[in-house]
Each structure stands twice: as C-alpha cells, then as structure tokens.
Amino acid sequence: MSRIGKAPIALTAGVTVTVSAENVVTVKGPKGELQQAVDRDIIIEQEDGNLLVKRPSDQKRHKALHGLYRSLLNNMVVGVTEGYKIQQELVGVGYRATNTGNTLDLVLGYSHHYVFQLPEEIKVTTTAEKGKNPTIILESNDKQLIGQVAAKIRSLRTPEPYKGKGIKFVGEVLRRKAGKSASKK
C-alpha cells in the first residue's frame with residue numbers, strides 16, 4: 001500500500017469536509033473554501049476527526065491515484081487552516097516590484113514593464129527596503145494556484161548562473177558558474 005495514501009489526514013477544529021455524490025470534495029475552514037474533483041474509484045471516508053483515502057484494488061492506476069489524492073486533500077486542509085506563503089526576491093540593478101491591489105508591476109531590465117494581474121484568491125505585497133533586494137510576497141490558501149503563479153512570475157526573468165540576476169525564491173541556492181578565465185599564456 002502507498003505510504004502516503006494510507007496516512008490519515010487530521011482534521012482540526014473548524015474544518016468541515018463534505019463529499020458530493022459526484023466525488024467532489026469541499027473543504028471549508030477559517031481561511032476559505034476549496035474544492036477538488038476526485039476520481040470515482042477512490043473512496044473518501046471521514047472517521048473520528050480524520051479523513052481517510054482508500055483505493056478499491058491494487059491496480060497500477062488505483063495505486064497512482066491513491067497517494068495523489070491524499071496529498072491534494074492534505075494540501076487543501078492545510079491551506080484552509082494555515083494558508084501558504086511564497087516569497088520571491090528580485091536580484092539585479094534597477095529591478096523593482098510594486099503592487100496596487102492584485103496588480104503586480106515589475107521592472108526587470110527590459111525596455112517595458114511587466115504588468116501582471118493576479119487571481120483574486122492570491123494576496124500580494126511588495127517590499128523595497130534600502131540595501132536589500134525588492135521582495136514579492138504571495139499568500140493564498142490554494143497551494144496549486146500559488147505555486148503556478150510564483151512559477152509564472154519567476155519565468156519572466158529566471159536567475160542566470162553567472163551573476164545570479166533575476167527573480168528567485170527567498171532561500172533558494174543558485175548554482176553559479178565561474179565565467180571567463182582572464183589569464184592567457
């Protein structure tokens with residue numbers, strides 16, 4: 001059996017889980033509500049404060065879906081209780097980030113600005129302190145959505161390996177290259 005799939009999902013106080021007849025799981029909590037359509041073969045049960053994900057057989061397809069849906073449901077429960085936060089920093093001379101509401105305006109060394117409209121489920125804040133790199137902070141209860149948006153923002157200017165200029169996640173370690181050798185014999 002899948003080690004991830006057989007682990008129960010602990011439901012904290014204030015979290016309610018409902019499963020519809022079409023196997024659509026709805027998780028409600030203090031930070032919002034999320035929905036996920038689950039394959040018809042996967043069985044979802046709620047027992048004494050835990051959510052259990054079971055599979056009907058040991059077919060390869062069922063084994064693959066078992067751990068997947070358990071992880072997705074666990075991410076939903078964590079999202080509606082604690083939420084997710086991703087921080088990105090802009091490394092480079094003249095790189096700036098500002099936001100007005102859910103519109104993110106990025107200056108990344110190109111001849112034009114990037115104006116990025118974020119979904120309303122994501123809350124964005126930007127900081128620019130003197131002596132530090134500008135930072136973009138994304139907060140949401142949906143792990144899939146926040147990860148996708150963060151990857152899209154990073155793809156606008158991925159960090160290059162020589163000087164490390166670009167948009168990187170806070171705490172990310174970049175693989176650096178030495179560059180040209182200055183000495184010729």
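These notebook entries record what I looked up in one predicted protein model.

**Entry 1. Ground rules**

I number residues from 1 along each chain as its sequence is written.

**Entry 2. The annotated domain**

I looked up the UniProt record, an unreviewed entry, which places the feature "domain: Large ribosomal subunit protein uL6 alpha-beta" at residues 13–83 and 91–168. UniProt positions are given in the numbering used here, feature names are shortened, and annotations may be inferred rather than shown by experiment. I then examined both spans, taking helices (H or I, at least four residues) and strands (E, at least two) as DSSP runs numbered from the N terminus. Residues 13–83 are 31% helix and 37% strand, with end C-alpha atoms 15 Å apart. Residues 91–168 are 17% helix and 37% strand, and their end C-alpha atoms lie 8 Å apart.

**Entry 3. Helix α2**

An α-helix has 3.6 residues a turn, so residues three or four places apart point the same way. Just after α2, Gly 83 takes a positive phi of about 85 degrees.

Side chains of opposite charge can pair when their charged atoms come close. I counted a salt bridge where a side-chain nitrogen of Lys or Arg lies within 4 Å of a carboxyl oxygen of Asp or Glu. By this rule the count comes to 8 salt bridges. One of them joins Asp 39 and Arg 61, at 3.0 Å from N to O. This pair links distant parts of the chain: Asp 39 is in the loop between β4 (32–37) and β5 (43–47), whereas Arg 61 is in helix α2 (residues 60–81), 22 residues apart. Asp 39 is buried, at 18% relative accessible area, whereas Arg 61 is partly exposed, at 42%.

Arg 61 also forms a salt bridge with Asp 41, with the closest N and O atoms 3.1 Å apart. Here too the pair links distant parts of the chain, 20 residues apart, with Asp 41 in the loop between β4 and β5. Asp 41 is partly exposed, at 30% relative accessibility.

Another salt bridge joins Glu 45 and Lys 54, whose closest N and O atoms are 2.9 Å apart. Salt bridges that share partners join Asp 39, Asp 41 and Arg 61 into one network.

**Entry 4. His 62**

Is His 62 buried or exposed? His 62, found in helix α2, counts as buried because its relative accessibility is 5%. The side chains of His 62 and Asp 41 are joined by a polar contact of 3.0 Å. A polar contact is a pair of N or O atoms within 3.5 Å; within protein, one must be able to donate a hydrogen and the other to accept it, and residues adjacent in sequence count only if both atoms are side-chain atoms.

**Entry 5. Val 25**

Val 25 lies in strand β3 (residues 24–29) and is buried, with a relative accessible area of 0%. Val 25 and Met 76 are 51 residues apart in sequence, yet 9.8 Å apart in space, C-alpha to C-alpha. I took contact to mean heavy atoms within 4.5 Å. Leaving aside residues up to four places away in sequence, Val 25 touches several residues, including Val 17, Leu 34, Ile 44, Leu 73 and Met 76.

**Entry 6. Positive phi angles**

Most residues other than glycine have a negative phi, and most peptide bonds are trans. Asn 23 is not a glycine but has a positive phi of about 65 degrees. Asn 23 lies in the loop between β2 (16–19) and β3 and counts as buried, at 11% relative accessibility. Asp 48 likewise has a positive phi, of about 30 degrees. Asp 48 is in the loop between β5 and β6 (50–54) and counts as exposed, at 73% relative accessibility.

Methods. Predicted model: local features only at pLDDT ≥ 70, side-chain atom pairs only at ≥ 80, totals over all residues. Heavy atoms only, no water. Buried < 20%, exposed > 50% of the residue type's maximum accessible area, 1.4 Å probe, protein only.
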